[in-house]
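These are my notes from going through one model, kept in the order in which I looked things up.

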Amino acid sequence: LTAAIVGCPFSGGQRRTGVDQGPIRLVEAGLVEQLKGLGWNVVFDGHHQFEEYNNLDDAPIGIMKNPRTVSQVNRSVAGVVMNHAKNGMLPVTLGGDHSLAMGTISGSLAVHPDACVIWIDAHADINTIETTDSGNMHGMPLSFLLGIGDKIQEFDWIKPVLKPERLVYIGLRDLDAGEKRLLREHNIKAFSMHEVDKYGIGKVVEMALDYVNPKRDLPIHLSFDVDALDPSVAPSTGTPVRGGLTFREGHYICEAIHETGLLVSLDLMEVNPSLAEAADADKTVAVGCSLVRAALGETLL
Ligand code: DIR
Ligand code: MN
Ligand code: MN
Ligand code: MN
């Protein structure tokens with residue numbers, strides 16, 4: 001079994017600098033060795049630099065910020081993830097901001113067209129050019145992947161590879177009004193923190209899998225935004241929201257998905273080590289590594 005680490009030091013999908021340091025810090029913390037320690041072969045040939053997209057002439061489209069840069073970086077990420085998946089490896093993409101899921105999911109669903117997506121986040125990241133209030137594209141990747149909203153020529157390369165019934169959320173608690181409407185209109189299944197409180201995380205993961213993967217035979221792309229965790233657990237992230245997943249709830253999700261044996265692609269996004277005291281940054285990096293280990297088979301016993 002081989003995991004391919006795709007380091008993506010990219011921050012153009014939101015406004016706070018430092019999230020580009022996330023993948024660098026996760027690797028410096030020893031993630032590669034940790035995964036080898038679990039028995040994985042690990043391929044990591046350095047972080048992607050995206051140099052050719054650094055100086056694009058990139059005026060807003062509507063209020064979307066850095067649209068051409070976000071598009072081109074993701075097009076390149078899609079190719080990298082697709083090639084790793086084609087070669088039978090498990091792509092582990094380290095963000096960077098969550099706009100990168102445009103690339104990772106395009107890449108993994110190109111190889112596994114019937115895969116489902118399990119999206120762990122405080123936010124729904126489904127804004128369209130019409131609904132976005134911030135213009136930050138990390139709040140928008142799912143609308144492109146679902147083919148929702150006005151078509152934008154600069155993003156023509158993104159195919160609507162994701163069907164609404166193949167997407168499920170866990171951890172939501174901070175949605176824009178337009179996003180709530182989109183979830184309702186497209187009948188998208190979501191387990192917010194309310195459901196986590198009501199049923200417990202074990203039942204929620206089971207219900208999420210029953211919905212999106214009833215026969216437990218479809219490949220799984222897991223996209224984990226570290227801000228799904230409570231800010232007391234993962235403080236160093238760009239848009240923390242109180243009332244999040246505990247340390248164990250976050251790990252349980254990863255462990256349970258590993259247990260299915262169906263994971264084909266993993267994202268760990270939005271670690272921003274510059275946004276807190278050094279000790280909090282270390283703590284967030286450490287929890288990021290430990291979520292990836294859990295998804296790749298680390299057990300408690
Ligand atoms: C908000 C926040 N819904 C937006 N989204 C964030 O900007 O579209 N996503 N923070 O991670
Ligand atoms: Mn988020
Ligand atoms: Mn987001
Ligand atoms: Mn997100």
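How far apart are the manganese ion (ligand 2) and the manganese ion (ligand 3)? I read 3.4 Å between these two ions. I keep in mind that this is a predicted model.

**Entry 1: manganese donors**

I looked up what coordinates the manganese ion (ligand 2). The list gives Asp-121 (OD), His-123 (ND1), Asp-225 (OD), Asp-227 (OD) and Asp-227 (OD), at 2.1 to 2.5 Å. Along the chain, the donors of ligand 2 follow the spacing D-x1-H-x101-D-x1-D. I then checked accessibility for Asp-225 and Asp-227, and both are buried.

**Entry 2: ligand 1**

I listed the residues around ligand 1: His-123, Asp-125, Asn-127, Ser-134, His-138, Gly-139, Asp-176, Glu-179, Asp-225, Asp-227 and Thr-239. His-123, Asp-225 and Asp-227 are in this shell and also among the donors of the manganese ion (ligand 2).

Next I noted polar distances. For His-123, an N or O atom of the side chain is 3.3 Å from an oxygen atom of ligand 1. For Asp-125, I find a polar side-chain atom 3.0 Å from a nitrogen atom of ligand 1. For Asp-176, the distance from a side-chain N or O atom to a nitrogen atom of ligand 1 is 2.9 Å. On its own, ligand 1 has 310 Å² of accessible area, and the protein covers 92% of that.

**Entry 3: aromatic pairs**

How many aromatic pairs does the structure hold? I count two.

One is Phe-10 with Phe-50, an edge-to-face pair at 6.3 Å centre to centre, with 75° between the planes. Phe-10 sits in the loop between β1 (2-8) and α1 (22-28), and Phe-50 in the loop between β2 (41-43) and α3 (67-86), so this pair ties together parts 40 residues apart in sequence. I also looked up accessibility: Phe-10 counts as buried at 7% relative accessibility, and Phe-50 is buried with a relative accessible area of 7%.

Phe-144 and Phe-155 form a tilted pair, 4.6 Å centre to centre and 45° between the planes. Phe-144 lies in helix α5 (residues 141-146) and Phe-155 in the loop between α5 and β5 (167-172), so the parts tied together here are 11 residues apart in sequence. Both Phe-144 and Phe-155 are buried.

Conventions:
Residues are numbered from 1 along each chain as its sequence is written. Chains are lettered from A and ligands numbered from 1 in the order in which they are written. This is a predicted model: local features need pLDDT of at least 70, side-chain atom pairs count only at pLDDT 80 or more; totals for chains, interfaces and linings use all residues. Side-chain values use heavy atoms; hydrogens and water are left out. A residue is near a molecule or strand if one of its heavy atoms lies within 4 Å of it. A polar contact is a pair of N or O atoms within 3.5 Å; within protein, one must be able to donate a hydrogen and the other to accept it, and residues adjacent in sequence count only if both atoms are side-chain atoms. Accessible areas come from the Shrake-Rupley method with a 1.4 Å probe; for residues, only the protein chains shown count as cover. Donors are N, O and S atoms within 2.8 Å of the metal (3.2 Å for Na, K and Ca); water is not among the atoms, so sites may look incomplete. Buried means under 20% relative accessible area, exposed over 50%, partly exposed in between (1.4 Å probe, protein chains only). Rings of Phe, Tyr and Trp (its six-membered ring) pair if their centres lie within 6.5 Å; planes under 30 degrees apart count as stacked, over 60 as edge-to-face and the rest as tilted. Helices (H or I, at least four residues) and strands (E, at least two) are DSSP runs, numbered from the N terminus.
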